[in-house]
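Biologist: I would like to learn how to read a structure like this one feature by feature. Could we start with the general idea each time and then turn to the case at hand?

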Amino acid sequence: MINKVKTVTVLFLLFFISNCSAQIEKNSDLFTTLKAKDSLLFELGFNQCNLYQMEKLVLDGIEFYHDRDGITKSKKHFINSVKENLCFSGKNVIKRILDKASLEVFPLYKGDNLYGALQTGIHSFGNTKANFSHIWLLENNEWKISRVISYNHRQEKKSTKSKFITLSNRDLKRYVGVYKFSPEFVLTVRIKGNQLFGGSQGDEVAINCYAAHKFIDGEQTHDLEFILDKNGNVTNLLMKGDGMKMTATKKQ
């Protein structure tokens, strides 16, 4: 009985392998078509917060699998997630960059009929790099994305800062305040001892000065640059890091 099972398994694998389509040439029509679709979805849609463009390329029943953030199902939830977490200000706070050399396309057939394609590659969002697998389906002669798997997220190496400037309590006070990046993200900067700290929703980290009006958080993931008016008063806060760039207005 065991030998029969092994034989059936081997025959199945041989059948599967023989019927799989290999990666297509990068100058083929299918490859260039889906490369263009990727650009429309991410360069125009995602990076520029053109949610209408994204909606046109996404199937209603899309499923998005992320190895850190779980599963998102349906077009509505997928688009809302981008809008609320990345495009809340109308501009995307973190850009997606494709490693074009990594892009591969594998056609999917039913008999002689092409019904879809698997598109794989590597992309990055700031200092975070990840692999992706996208399933595109051909419906009514239109290519739309049906499944997204984003996995193997890892941090790229980055330079760290080690020389910091010690500021007097008087100098630190000018930066103290509440900075509103969005209705959902408000950063409170305060002094503890002789150190600045920034906190949002209960999480608080130390902020170290490394240049005039420029600070970096203790985890060295985000740069903070305080913007002053002509009278030397802080009016705004620019935050950069991990591909993100946001500006907040000082409220207090």
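Modeller: Let us begin with burial: a residue counts as buried under 20% relative accessible area, as exposed over 50%, and as partly exposed in between. Please keep in mind that this is a predicted model. Of the 252 residues of the protein chain, 37% count as buried, and the chain holds five helices and 14 strands.

Biologist: Is D60 buried or exposed?

Modeller: D60 is exposed, because its relative accessible area is 58%. S146, in strand 6 (residues 142-155), counts as buried because its relative accessibility is 8%. Beyond its neighbours within four places in sequence, S146 is in contact with L59, G61, I62, E63, I135 and L137.

Biologist: How should I read a salt bridge, and how many salt bridges are found in the whole structure?

Modeller: Side chains of opposite charge can pair when their charged atoms come close. A search of the whole structure finds six salt bridges. One of them joins D60 to K75, with the closest N and O atoms 3.4 Å apart. Since D60 belongs to strand 1 and K75 to helix 4, this pair ties together parts that are 15 residues apart in sequence. While D60 is exposed, K75 is buried, with a relative accessible area of 19%.

Biologist: Which residue does K161 meet in a salt bridge?

Modeller: The side chain of K161 meets that of D223, at 3.8 Å from N to O. K161 lies in the loop between strand 6 and helix 5 (169-173) and D223 in strand 12 (residues 223-228), so the pair ties together parts 62 residues apart in sequence. K161 is partly exposed, with a relative accessible area of 28%, and its charged end also sits over the ring of Y210, 4.6 Å from the ring centre. A further case of a charge over a ring is R96, whose charged end sits over F42, 3.8 Å from the centre of that ring.

Biologist: What describes a pair of aromatic rings?

Modeller: Such a pair is described by the distance of the centres and the angle of the planes. The structure holds eight aromatic pairs, among them the edge-to-face pair of F64 and F78, with 5.8 Å from centre to centre and 85° between the planes. That pair links distant parts of the chain, F64 being in strand 1 (residues 58-66) and F78 in helix 4 (residues 75-85), 14 residues apart. Both F64 and F78 are buried. Elsewhere, Y175, Y179, F215 and F226 form one aromatic cluster.

Biologist: Which residues of the largest nonpolar core touch the most other members?

Modeller: Of its 49 residues, L41, M54, F215 and L237 touch the most other members, and helix 2 (residues 29-46) supplies the largest share of this core, six residues. Leaving out residues up to four places away in sequence, L237 touches several residues, including Y179, F181, L187, L224 and F226.

Technical notes
Residues numbered from 1 in each chain as written. Predicted model: local features only at pLDDT ≥ 70, side-chain atom pairs only at ≥ 80, totals over all residues. Heavy atoms only, no water. Phe/Tyr/Trp six-rings, centres within 6.5 Å; stacked < 30°, edge-to-face > 60°. Helix = DSSP H or I, 4+ residues; strand = E, 2+ residues; numbered from the N terminus. Buried < 20%, exposed > 50% of the residue type's maximum accessible area, 1.4 Å probe, protein only. Lys NZ or Arg CZ within 6 Å of the ring centre and 35° of its normal. Contact = heavy atoms within 4.5 Å. Core = buried A, V, L, I, M, F, W, Y, C linked by side-chain atoms within 4.5 Å. Salt bridge = Lys/Arg side-chain N within 4 Å of Asp/Glu carboxyl O.
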